[in-house]
Amino acid sequence: MKSEHKTWFTKWFLNNKVTVVLLNVLLIFLIIAAFIKVSYIFKPIQQILGIILPPLIVAGILYYLIDPLIDLLEQRCHVKRVWSISIVFIVILAVLVWIILSLIPIIQNQATSLVHNIPQYWRTLQKMLINLSQEPHLQRLHLANKLSPLKLTKSFSNSLNGVFNNALGNITSAVGVVTNVVMIILTAPFVLFFMLKDDHKIKPSIIKYMPERLQASVSDTLTEINQALSSYVRGQLTVAFWVAVMFAIGYLIVGMPYGVLLGIFAGICNLIPYVGSAVGLIPAIVLGLINGQQMLLYVIIIFAIEQTIETRVVSPLVVGNKMNMHPVTTIFVLLVSGGMFGLIGVIGGIPIYAIIKIFVGKIFAWIQRNSSWYDSDEEQSTDSTTN
């Protein structure tokens, strides 16, 4: 058998895996740079997506919440799917009317009272900080100068001025946001209705445009994405709802001011994994400090009871094993998505990461099946012997 003469070019460029990887990475970056240079071509597409995506996202979230109930009515109660959707829509409409008539006035009154009492609460908190700075054990830290009334008032006024200036400077964008919200409210129910009605047609309509050799893989990928999103959306929203209910009930029992408002705020913050519960507790701790040490103790007890019920009962029953993500990975995803996209990134970063993880896993599995880099030593020796 004639031995093949290998030159340095063949050894370091043609048959070198590191070189091949670097060339592929360079090609990817060149493609990205070319797309950036002609990014103006994609601005109409970006505008179209900006109009279409919000109602689709809202409808998708509601779909994952309502679909199990529709399936239950259809399979167990033998109610036609269209009628099941209509019944659920009527029930949701009745619940929304009840919320508007009963819960919204309570929230409005508590929010108005809170805004009216903010100056008084600020003066009380200011006095408490000054008294704290005068404690003998804390005087070594020289906090008296830092917590002086003048500096605290100036800092607070500067913060308020910044908020008001941003609000006045963004009136146009605020009008745009209101318009988008109105459009979402008007269009999302129609999108949701047809998603619930024709959900069994969505995946086949996507798969039929794929090559036959990819249809099975695409079907499995869509199924995994659907399961990951449904688990996350249903779990997070359901847990957030019960967190809001538990906090609101606890605050109302102990006589905490603005208990309903604080409970709803805690539920919304709970949509942020890990750090959401702590963020939602901050206003309650501040109001607890202002209303006395006993109220602060009540807030801590309510938080301990809520965390016990949530971690031992609600989360295992509702969320289950959810997404197989390490806590450190979750924290890094929250930091990156929050730094890039703000609050929306914090809330939506984890499901987007889950989708990307599924795609990357599928691509890596395909590379393992088709690349000789991952062949075992026995296979490589067999191939060389055969050649």
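This is a predicted model: local features need pLDDT of at least 70, side-chain atom pairs count only at pLDDT 80 or more; totals for chains, interfaces and linings use all residues.

Residues are numbered from 1 along each chain as its sequence is written, and side-chain values use heavy atoms, with hydrogens and water left out.

**Entry: positive phi**

I looked up Tyr-258 and found it buried, at 8% relative accessibility. Its phi is near 60°, a positive value in a residue other than glycine. I took helices (H or I, at least four residues) and strands (E, at least two) as DSSP runs, numbered from the N terminus. On that numbering, Tyr-258 sits in the loop between α9 (212-254) and α10 (259-269).

I then turned to His-78, where phi is near 55°, again positive in a residue other than glycine. Its loop runs between α3 (43-75) and α4 (81-133). Is His-78 buried or exposed? I read 68% relative accessibility, so His-78 counts as exposed.

**Entry: cysteines**

I counted a disulfide as a pair of cysteine sulfur atoms within 2.5 Å. In general, a disulfide is a covalent bond between the sulfur atoms of two cysteines. By the distance rule I found zero disulfides.

**Entry: salt bridges**

My rule for a salt bridge was a side-chain nitrogen of Lys or Arg within 4 Å of a carboxyl oxygen of Asp or Glu. How many salt bridges does the structure hold? I have six in the list.

I looked at Asp-71 with Arg-81, where the closest N and O atoms are 3.0 Å apart. This pair links distant parts of the chain, with Asp-71 in helix α3 and Arg-81 in helix α4, ten residues apart. Asp-71 is partly exposed at 22% relative accessibility, and Arg-81 is buried at 11%.

Arg-81 also forms a salt bridge with Asp-199, and there too I read 3.0 Å between the closest N and O atoms. Arg-81 lies in helix α4 and Asp-199 in helix α8 (residues 199-207), so this pair ties together parts that are 118 residues apart in sequence. I noted both Arg-81 and Asp-199 as buried. Salt bridges that share partners join Asp-67, Asp-71, Glu-74, Arg-81 and Asp-199 into one network.

I also wrote down Asp-198 with Lys-197, with the closest N and O atoms 3.4 Å apart. Lys-197 is partly exposed, at 30% relative accessibility.

**Entry: α3 against α9**

I used axes fitted as lines to C-alpha atoms, for helices over the stretch in contact, with angles from 0 to 180 degrees between N-to-C directions. The axes of α3 and α9 come within 9 Å and cross at roughly 85°. I therefore put α3 down as roughly perpendicular to α9, on a scale where under 35 degrees is roughly parallel, over 145 roughly antiparallel, 65 to 115 roughly perpendicular and the rest oblique.

For contact I required heavy atoms within 4.5 Å. Ile-61, Tyr-64, Leu-65, Asp-67 and Pro-68 in α3 meet Asn-226, Leu-229, Ser-230, Val-233, Arg-234 and Leu-237 in α9. I sorted this contact by class into seven nonpolar, two polar and two charged residues. Ala, Val, Leu, Ile, Met, Phe, Trp, Tyr, Cys and Pro count as nonpolar, Asp, Glu, Lys and Arg as charged, and the others, Gly among them, as polar.

Methods. Buried means under 20% relative accessible area, exposed over 50%, partly exposed in between (1.4 Å probe, protein chains only).
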